[in-house]
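Here is a short briefing for a first look at this structure. It covers a pocket and a pair of packed helices.

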Amino acid sequence: MSIKEQLTEDMKTAMKEREAGKLRLSVIRMVRSNIKNTEINEKRELNDDDVLAVLMKEVKMRQDSLEEFKKADRQELVAQAEEEIAILKKYLPAALSDEELKAIVAEVIAQTGAAGPKDMGKVMPEVMAKTKGRADGKRISAMVRELLK
């Protein structure tokens, strides 16, 4: 079952649950809407990798908002953002552990022959392609910097 089909099924389930599934329903509808808008803008059907990119973008937006809500001490919005992130993460592949990410970064550094921080531009695109949807860009960037020192 594709991610889009899973989202549709989960939306139907949330609709049947009425009050209990309200937040989940709104988050799923928002994601499906963004997927549909992307399909319309690009004039093509999105595959699972494209849908993953949309989901990752949604999670990133909420994580950025979460940081701002914490700075402003808005606990009710922090709780809601955390719930939304948890809902969205169900559709993303399992995150890489630090050891797995370190191994991938080390392998790419060896392949590209990167020697120092100035070669970060060679390494980052390769690592991002290999970890698609399974690691956050900030985490990857920090790991690459650490290993290129």
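The lining of the largest pocket divides into 7 nonpolar, 3 polar and 6 charged residues. Here Ala, Val, Leu, Ile, Met, Phe, Trp, Tyr, Cys and Pro count as nonpolar, Asp, Glu, Lys and Arg as charged, and the others, Gly among them, as polar. The model is predicted: local features need pLDDT of at least 70, side-chain atom pairs count only at pLDDT 80 or more, and totals for chains, interfaces and linings use all residues. Residues are numbered from 1 along each chain as its sequence is written, and side-chain values use heavy atoms, leaving out hydrogens and water.

**Pocket**
- The largest pocket has a volume of about 340 Å³.
- Its lining has 16 residues; Met56, Val59, Leu92, Ala135 and Asp136 lie nearest the centre.
- Helix 3 (48-71) and helix 7 are the elements that give two or more residues to this lining.
- Helix 3 gives the most, with 4 residues.

**Helix packing**
- Helix 5 (residues 98-112) and helix 7 (residues 137-148) pack at about 55°, with axes 10 Å apart.
- The crossing of helix 5 with helix 7 is right-handed.
- From helix 5, Asp98, Leu101, Lys102, Val105, Ala106 and Ile109 meet Arg139, Ile140, Met143, Val144, Glu146, Leu147 and Leu148 in helix 7 (contact means heavy atoms within 4.5 Å).
- By class, this contact of helix 5 with helix 7 has 9 nonpolar, no polar and 4 charged residues.

Terms used. Axes fitted to C-alpha atoms, helices over the stretch in contact; angles between N-to-C directions. Left-handed = near helix turned anticlockwise from the far one by under 90°. 1 Å grid on protein atoms, 1.4 Å probe; cavity = no way out; pocket = protein on both sides within 12 Å on 5 of 7 lines; lining within 4 Å. Points joined across faces, edges and corners; volume = space filled by probe spheres on them.
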